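Subject: Handing over the structure

Hi,

Here is the structure I said I would pass on. Have a look at it first, and then read my notes below.

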Amino acid sequence: MGNDLLERTPTLLGSLQERVQALLDDSPEWLARLRRAGADTHAALGIPTTKHEEWKYTSVRGLVEAGPWSPAPQGSVTQAQLQPWTFPGLEQTLVVLVNGRYAPQLSRLGGEAAVDVQPLIDAVGDTPELATKVDAATDVANHTFAGLNSALFEGGTFLRIRKNQRAARPIHVLHVATEGGASFPRLLVVSEEGSDASLIESYASVGEAAGFTDAVTEVYVASNAHLEHIKVQRENAESFHIALTGVRQAPDSAYNGYSVTFGGALTRNDLNVYLAGSNIHSRMDGVYALNGDQVCDNHTRLDHAFPHCDSFEVYKGVLDGRSKGVFNGKIFVHQDAQKTDAKQTNQALLLSPHASIDTKPQLEIFADDVKCTHGATVGQLREDAMFYLRSRGIPFSEAEALLVYAFASEVLEKITVAEVRTELEQELFRKLAGAKDAAPAPTA
């Protein structure tokens, strides 16, 4: 089919234009401007092809062929259907969105004094200056799918961790997709000065219908605030997931971000972090385990703009079947960012001769007194290690899973929320073992 299909359908707005107009009619002025700008961005940039440098290794042809996309219906989910995605044993502030829309009847806010949760439109109505933070933490104007999200998100969600307070429980924002269609989750997070919290942002599917999730998350971490941000993608095998996350850190803040991808036919995660001050710590790690024909593309960008900051980035991928991984990590050290300490590592393990990875770590340094390293490795399991385990009676699949688990769990073991860490480790082990009822995972 080549690129003909994309040339005939240069944007996804054709099937969604009517919905854009309906939302414009009901939007306040600030939001109407945002929607028009988003629609213009998507119309101008269109659907990327592999001729676009930022999409060189990832084709979205499957997404286009699965269309035309319509907005996902309101959808309904029961508490029982949510259970598998809520991390057993975790005391949490739970914010549930179904097909991109806030579902208060499924959420459990629990009177958390340190955290405010509101529909984004209501929050801006109460505090108009919040409007300046929407579309400002990341480069939405140059991201075609983020533009589409701006044109089409419904309500959005605003989350605030109050000044000098620590959230008593982890905050779990759970996006559930049902019945196919396209959904546009939108999340604005403000961690105020001196606050401390763990945020879990997870995506899941109920049912097997193909869906398209186009998500935008913007995070502001104020001075002396600390935020742990765990993003988990566990949508079904027919799903398309494209997400842009923008993080802006103030001086003396700390952000620890973890990206975990197990589901989806195609996942594209863009994560941009801007260090807007001195004495900032930033961590951006990721792990993905793929099989079948899954594709996962992680694009990260980190800007060191001020002196005396450090950043650490580790992405690990495990690829089986005919799956494909992409890693494109950029670190920019600006001229004023002296005494920067930045380390980036990307490692991939190929379990099949048909799996592949394209990796492109990049460093651009304009300061002269810095410590910066980056590296990428791609390999297979060591034969001597497999022989050691097999010679002790461990079946091949379990021996392989144990070795791969040891490789990939380095990222997960840094997560401080024990229930989340344990559940993700077990899910990783089950996925590697190839069956839900495979041998139990090692204890954390």
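Where is the place of His308? His308 sits in the loop between β15 (295-304) and β16 (310-319); helices (H or I, at least four residues) and strands (E, at least two) are DSSP runs, numbered from the N terminus.

Before going on, some ground rules. This is a predicted model, so local features need pLDDT of at least 70 and side-chain atom pairs count only at pLDDT 80 or more, while totals for chains, interfaces and linings use all residues. Residues are numbered from 1 along each chain as its sequence is written, and side-chain values use heavy atoms, with hydrogens and water left out.

**Confidence**

pLDDT is the predictor's confidence in each residue, from 0 to 100. The protein has a mean of 90, and 95% of its residues reach 70 or more. Strand β10 (residues 226-234) has the highest confidence, at 98, and helix α1 (residues 4-8) the lowest, at a mean of 46. Over residues 1-9 pLDDT stays under 50, and the model has 13 contacts (heavy atoms within 4.5 Å) for them beyond four places in sequence. Residues 435-444 are also below 50, with 15 contacts in the model beyond near neighbours in sequence. Where pLDDT is low, the predicted coordinates should not be read in detail.

Most residues other than glycine have a negative phi, and most peptide bonds are trans. Back to His308: its phi is positive, about 60°, although it is not a glycine. With a relative accessible area of 45%, His308 is partly exposed (buried means under 20% relative accessible area, exposed over 50%, partly exposed in between, with a 1.4 Å probe and protein chains only). Asn224, in the loop between β9 and β10, also has a positive phi, near 60°. Asn224 counts as partly exposed too, at 47% relative accessibility. Then there is a cis peptide bond between Gly67 and Pro68, with omega about 5°; Pro68 is in the loop between α4 (61-65) and α5 (79-82).

**Helix α2**

The 13 residues of helix α2 (residues 13-25) should span 18 Å at 1.5 Å a residue, and the end C-alpha atoms are 17 Å apart, which agrees. That expected span is 1.5 Å times one less than the number of residues. α2 bends by about 30° at Arg19, the bend being the angle between axes fitted to the seven residues ending there and the seven starting there. Its buried residues are Leu13, Leu16, Val20, Leu23 and Leu24, and they pack against α3 (29-45) and α7 (144-152).

**Strands**

Nine of the ten residues of strand β11 (residues 240-249) are buried, so β11 is largely enclosed by the rest of the structure. β11 pairs in the parallel sense with strand β9 (residues 211-221) over ten bridges, and with strand β13 (residues 266-275), again parallel, over ten bridges; two strands pair if DSSP finds at least two bridges between them. Asp214 stands opposite Ile242 in β11, and Ala243 stands opposite Asn269 in β13.

Last one: Tyr203, in strand β8 (residues 196-206). Tyr203 counts as buried, at 2% relative accessibility. Leaving aside neighbours within four places in sequence, Tyr203 touches several residues, including His175, Pro185, Thr213 and His241. Tyr203 and Leu174 are 29 residues apart in sequence but 6.0 Å apart in space, C-alpha to C-alpha.

Cheers
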